[in-house]
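Subject: Structure for your files

Hello,

The structure you asked for is below. My notes on what was found in it follow.

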Amino acid sequence: MKHGGNIYGFAERIGCRPDQVLDFSANINPVQAIDWRALQFDPSPYADPDYSALKAVLLHRYPLPDDADLEPFNGASAAIFALLRKLHPEEVVLYTPMYVEYARIARQLDCRIHSIDRFGRFEQTEIPPYSTVIFVNPATPDGTLYDLHELLAQWQAARCTILIDESFLDFCPAAATASIADKIGQIPNLYLIKSLSKFYGSAGVRIGFVAAERTAITKLQQLEPAWKLSSFDIAYMQQALRNDAFVDNTRRQTTQLRESLRQVLEDSELFDRVYPSQANFILARLAKIDGQALQRHLEKARILIRVCDNFEGLDKRHARFAVKDTESIARLAECLQHV
């Protein structure tokens with residue numbers, strides 16, 4: 001499986017319904033920001049093609065400098081593709097392992113790809129001048145949160161176009177100080193990419209955005225069709241973004257549940273390394289079996305995990321576990337004891 005979250009194929013293969021699968025493969029908040037069944041919206045008119053109300057709520061939740069703007073997309077994957085298509089760089093620098101969609105899109109656009117291993121001494125690696133640098137913070141699949149101060153200076157010195165993906169930053173208590181949003185305008189050619197589906201527990205509501213200098217966003221908008229988002233998606237996310245209590249509760253609960261999950265993985269003695277994480281998932285490396293063998297054991301309990309062998313630099317021994325609720329983590333713990 002190239003991505004987490006394909007519970008439909010998994011359920012069909014093991015002979016159960018998708019809602020019977022305990023999905024540790026998809027790093028989606030197990031709690032939703034709102035109850036969609038109580039959502040009220042009028043689907044009859046066209047949605048506002050400028051997304052004025054949605055953008056106002058987004059800018060309230062994620063403030064930007066006065067000379068910056070953002071453009072919503074129907075999911076972060078669509079945002080990534082649109083931005084790279086607009087930039088169409090000759091050379092792309094990927095800090096790996098990272099979300100596999102970036103490399104896939106870069107290859108489609110015939111970019112020359114330079115991969116830098118984040119698990120090595122990557123800060124000392126020379127960057128090709130005028131290249132496009134892509135960095136995910138906190139990183140996936142390991143959840144490491146980086147201080148980008150020195151890296152930003154290095155990329156600026158090489159006159160790079162800089163793309164920072166902060167799709168999982170909302171889960172971190174340090175989100176406000178770790179974001180590069182306030183540096184837009186200060187650093188030339190700086191772009192911020194964000195997915196909203198993961199934090200707000202709404203994988204089926206496809207909304208993400210790109211933030212950058214206002215002139216760069218205007219140029220990006222000129223390449224985009226009208227009505228990318230449905231009225232339902234807009235109404236759902238506007239209400240979710242207004243739920244202030246949800247943000248604080250999620251960060252607190254994620255920290256507690258992530259620690260419980262980490263303890264379960266270490267206590268199982270199946271792994272020779274459990275990577276420290278600041279996101280809503282944990283990467284672990286199996287000691288004696290590979291991830292596919294572990295998945296076969298967990299299928300009996302209808303548990304789906306993410307084997308990370310298609311991340312550059314990782315192999316079949318690496319598996320990622322999303323942070324779930326207490327009951328789900330306890331169920332995983334019981335199953336791991338029988339492997």
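Predicted model: local features only at pLDDT ≥ 70, side-chain atom pairs only at ≥ 80, totals over all residues.

Residues are numbered from 1 along each chain as its sequence is written, and side-chain values use heavy atoms, with hydrogens and water left out. Helices (H or I, at least four residues) and strands (E, at least two) are DSSP runs, numbered from the N terminus.

Helix H1

H1 covers residues 7–14, and its buried residues are Ile-7, Phe-10 and Ala-11. Buried means under 20% relative accessible area, exposed means over 50%, and partly exposed lies in between (1.4 Å probe, protein chains only). Viewed down the axis of H1, the buried residues fall within an arc of 95°, so they line one face of the helix; the arc is that of the directions from the helix axis to the C-beta atoms. Tyr-8, Glu-12 and Arg-13 are exposed on the other side of H1. The buried residues pack against strand S1 (22–23), helix H10 (291–299) and strand S11 (303–304), where contact means heavy atoms within 4.5 Å.

The seven-stranded sheet

An open sheet of seven strands has the order S2-S8-S7-S6-S5-S3-S4, with mixed pairing. Two strands pair if DSSP finds at least two bridges between them. Strand S2 (68–73) and strand S4 (112–117) are at the edges with a single partner strand each, so one side of each has no neighbour in the sheet. From one strand to the next, the twist averages 20°. S3 (residues 91–96) and S5 (residues 132–136) run parallel and are joined by three bridges, with Val-92 opposite Thr-132 in S5. Helix H4 (residues 100–108) packs on this sheet and touches S3, S4, S5, strand S6 (161–165) and strand S7 (190–195). The direction of H4 makes about 160° with that of S4; axes are lines fitted to C-alpha atoms, for helices over the stretch in contact, and angles run from 0 to 180 degrees between N-to-C directions.

Asp-69

Asp-69 is in strand S2 and is buried, with a relative accessible area of 11%. Its side chain makes a polar contact with the side chain of Lys-55 (3.4 Å). A polar contact is a pair of N or O atoms within 3.5 Å; within protein, one must be able to donate a hydrogen and the other to accept it, and residues adjacent in sequence count only if both atoms are side-chain atoms. Not counting residues up to four places away in sequence, Asp-69 also touches other residues, among them Leu-64, Glu-213 and Arg-214.

The core

The largest nonpolar core has 55 residues, and Leu-54, Tyr-95, Ile-127, Phe-135, Trp-155, Tyr-200 and Met-237 touch the most other members. Such a core is a set of buried Ala, Val, Leu, Ile, Met, Phe, Trp, Tyr and Cys residues joined through side-chain atoms within 4.5 Å. Helix H8 (residues 231–241) gives the largest share, six residues.

The four-stranded sheet

Another open sheet has four strands in the order S9-S10-S13-S12, with antiparallel pairing. Its edge strands, S9 and strand S12 (306–307), each pair on one side only. A hairpin of six residues joins S9 to S10, and Val-274 stands opposite Ala-284 in S10. Helix H9 (residues 244–267) lies across S9, S10 and strand S13 (318–322), at about 10° to S10.

Regards
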